[in-house]
Amino acid sequence: MIAYTLRRLLTVIAILAVMSVAIFSITQILPGDVAQMIVGQFATDEQVKAVRGRLRLDDPAHEQYLRWAGGLLRGDLGNSMMMDRPLGPMIGDAIARSAVLAGLSIVLVAVIGIWLGVYSGVRRGTRSDRFISVGSYFFISVPEFFWAILAVMLFTGYLGWLPSTGYASMDEGFWNWARHIILPVATLVSGLVAHVSRLTRSSMIETMQAQYITAARAKGLPENVVIRRHALRNALVPTITVLAIDVGLLMGGIVVVETVFSYPGLGRLLIFAIEQKDLPLIQAGILVVTAVYALSNLAADLLYAFFNPRIRYGRSAAR
Amino acid sequence: MAALQLADAPSRTRTRIPSSLAVGGAILVLVVLAALFGPMVAPFPYDQMDIMARMQPPNATHWLGTDEFGRDVLSRLLYGARLSLLMGIGATFVSIVFGVPLGLAAGYKGGRVDESIMRAIDLVISVPPILMGLLLLSLTTPNVWKTAAAVGIIYVPIMARLTRAVTLEIAREEFVLAARARGERLWYILAAEILPNAWPPIIVEAALRVTFAIMLGAALSFLGLGVQPPSSDWGLMIAEARPFIDTAPWVAIAPGIVLCITVIAVNLVGDGLREMLDPRLKRGRG
């Protein structure tokens, strides 16, 4: 297990290293001169030259990369071009707010999704099972941004219960904070729950046909003990993988949801950076997201290996 | 053995058409018809503004109302069908054109080829899909083709991995070994022996990809980095209608519903195809 963990950790580091080169070179070929963009199109040649000198843009590309990557390793993400502020705290704050959104959502997705999946799995073919299946089909097919808009129409426009945009910190009162976060979280959860519940349902159905379930029933155990103590543990192994995939989808969804609800997280910051062509912010932002994504995948793989010993030994070498 | 395999294939596909395929297919035919003939039957040009008729609720002249520039929503939807389908099919096409050969090469050649292709793919999927799209599109001035291409690139890894897995299985079959023993060339083996037998799961996955591509494309356009105004892409229409949802909700709801119906239809077709082409195939989506 330790060897496996170390090997996976090395892969993550390698991916991040190569990604940093890729991100750096992609932003290098971005059209338009960076210095020109900073000073604006009416600046004189001297001003452009001064900025080029200050940012050392005339150095060879690999030196610029090494300087940037060196800064990253020391925890210095550079300065935002448009706002001329250090990126570290800016991205840190944004991540903290996005993490609240993501954390709440993934916990709710796991709890609700697994519950729905188990519920409909053990009631296979009944009316409530079919109702949940059709419902989840529907939820998978509706894009997040459309849910978001429908939710705003209903809860802000029609009922007037919740604010449509913005953010309040905990200091401004719990209810104030909650009011702003309910709609974004609900939107994020809506699509992903269907994912988890569908997978849990099919794996639950498969598990319930296993012989040890029959054996447990034959022992005379009550059905809910059979489900909780015997079936659930094994049925949930594939769910862990799908939850990891969902973390990736969630990060995409967060970009959309934060934009719709003007929630000041990392997603909105990135959209802002791309609209403003704020190169350092784009680079740092994408790299940070990649890192978070890689680490969450790592966590999922480790959990999976922990629950499923076959992976620990056999397959990891073949991958 | 190859002939036997081929003779076997049609009998498997001649099974009853699943109802999901029929229903989804019927809806999809409507969407395709709208994409083909929409501009001809649309009551107005998609970009014709009428300042006197801004944000009108649905009425006899404008069946689905008008938007904030007085443009006819129904007409814009009909024009938009073409963009959405282009996006879905174009992106899937790109992912197949690049992904399938890569998967074939990785699965059949193995060794260092396999290793380098798979590592490159790991890299592409190390960025969440929407962000990859944003990153790619931020490099250019986006339009519908570039958006489709960007979405296609995001899905190349999925196609490549699937093709590789299928190829690995088929490459061990006797008819492939026979072809190698006959001394057939590499291209012949890949194109004539392996590919025809690898298609069913690839087609099923492609149908799924069309849905995801339509949704991802719409999301990118919604974020302002896909199809640009004044085009009437459905995602873009929703984004443009957002400031007016209190006064003119139909402008946002109409494209949203059409988008959902299209996605559901393609999903149904995908499920139906899966059921028909390969009853054993039971995969999670993602």
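Two residues are in contact if their C-beta atoms, placed from the backbone, lie within 7 Å. I'm working on a predicted model, where local features need pLDDT of at least 70, side-chain atom pairs count only at pLDDT 80 or more, and totals for chains, interfaces and linings use all residues. Residues are numbered from 1 along each chain as its sequence is written, and chains are lettered from A and ligands numbered from 1 in the order written.

**Entry 1: chains A and B**
I looked up how the chains touch: 32 residues of chain B are in contact with 34 residues of chain A. On the chain B side, H10(B) gives the most, with seven residues. (Helices are DSSP runs of H or I, at least four residues, numbered from the N terminus.) By class I got 23 nonpolar, six polar and three charged residues on that side. Nonpolar covers Ala, Val, Leu, Ile, Met, Phe, Trp, Tyr, Cys and Pro; charged covers Asp, Glu, Lys and Arg; the others, Gly among them, are polar.

**Entry 2: a helix pair**
Next I checked H5 (87-122) and H11 (237-260) of chain A, which pack at about 140 degrees with axes 11 Å apart. Axes are lines fitted to C-alpha atoms over the stretch in contact, and angles run from 0 to 180 degrees between N-to-C directions. Their contact holds ten nonpolar, three polar and one charged residue.

Most residues other than glycine have a negative phi, and most peptide bonds are trans. I noted that A:Ser262 has a positive phi of about 45 degrees, and sits in the loop between H11 and H12 of chain A. The peptide bond from B:Pro229 to B:Pro230 is cis, with omega near 5 degrees. I found B:Pro230 in the loop between H8 and H9 of chain B.

Conventions:
Helices (H or I, at least four residues) and strands (E, at least two) are DSSP runs, numbered from the N terminus.
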